[in-house]
Amino acid sequence: MSRINGFVGRRDFLRQCVAGVPLSVYTAMKFAGVGGFAIGGSLLWQKQQAVALQAAVADASPANPNRISPKDALERLLDGNQRFVHQKRKYPDQSLERLRLVAKGQYPFASIFGCADSRVPAEIVFDQGLGDLFVVRVAGNVVNDMAIGSLEYSTAILGCQLIVVLGHRKCGAVTEALEEQPAPGRISLIVEGIKPALERVKLRTGDIQENAVIANIQYQAEKLQESSTILAKLIRKGQLKIVGACYDIETGKVSILT
Ligand SMILES: [Zn+2]
């Protein structure tokens, strides 16, 4: 991982962070490929691993030397979106020099958890470049274990202090969830992940699709926080903020939900 990640090798990260973790767990983590990303093993072992990772994160002091506060990160994103909307893009951080620099290590300033929709590519709509954003995308921005793990990594280990849950108007996954008929294959998993959000708006007046999109962003943002002790702990410590935002596919504008 030290080669992939550049700035903090997994052994270094563990050395910095896992004081107090039983050696057996440390060894298991080391051989398994570290904190949270190993697959397999007994339930007990997995529990031990989870405890060890949480202990590690609790004491973590990420090595990112350029940590950007949630407020500044959000401002940087919204400035970039303004440039995109007004067609005044700067295409920052896309040079060969930047490519070579980030090859040595990544320090993304924000994490985006967005819908996989082809019309909402994060780096373009926020006018950012290489190494700027840690992007996780799932249809309907539905929270699942892999997304949570990825975002725990970007925050607890890479040092991002902002996660934007980015839904968008006319989201096909939300439309599918509003349908009565069951969805085919594993699309049903996405639909089931959105349905609890729809409960919140079924009695609300106005455009049901618009209401459902907003409710889904808020629901997934809450679920992200509630499902991860690591993220919740970072929020309590003032080292992370999760905000919901909606992208308008007709104007290109991102609006923060309050
Ligand atoms: Zn969508």
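The following legends describe close-up views of a predicted model.

**View A. Protein donors of the zinc ion.** Three residues supply the protein donor atoms of the zinc ion: Cys115 through SG, His168 through NE2 and Cys171 through SG. Along the sequence, the donor residues follow the spacing C-x52-H-x2-C.

**View B. Cysteine 115 and histidine 168 in their structural elements.** Cysteine 115 belongs to the loop between strand E1 (110-114) and helix H7 (122-125), whereas histidine 168 is part of strand E3 (residues 162-168), so the pair ties together parts that are 53 residues apart in sequence. Both cysteine 115 and histidine 168 are buried.

**View C. Tyrosine 91, a non-glycine residue with a positive phi.** The phi of tyrosine 91 is positive, at about 45°, although this residue is not a glycine. Most residues other than glycine have a negative phi. Tyrosine 91 is situated in the loop that runs between helix H5 (70-85) and helix H6 (96-103). Its relative accessibility is 48%, and tyrosine 91 therefore counts as partly exposed, since the exposed class requires over 50%.

**View D. Asparagine 141, a non-glycine residue with a positive phi.** Asparagine 141, likewise not a glycine, has a positive phi of about 40°. The loop between strand E2 (133-137) and helix H8 (145-157) contains asparagine 141. With a relative accessibility of 1%, asparagine 141 counts as buried, the limit for that class being under 20%.

Note on methods: Residues are numbered from 1 along each chain as its sequence is written. This is a predicted model: local features need pLDDT of at least 70, side-chain atom pairs count only at pLDDT 80 or more; totals for chains, interfaces and linings use all residues. Side-chain values use heavy atoms; hydrogens and water are left out. Donors are N, O and S atoms within 2.8 Å of the metal (3.2 Å for Na, K and Ca); water is not among the atoms, so sites may look incomplete. Helices (H or I, at least four residues) and strands (E, at least two) are DSSP runs, numbered from the N terminus. Buried means under 20% relative accessible area, exposed over 50%, partly exposed in between (1.4 Å probe, protein chains only).
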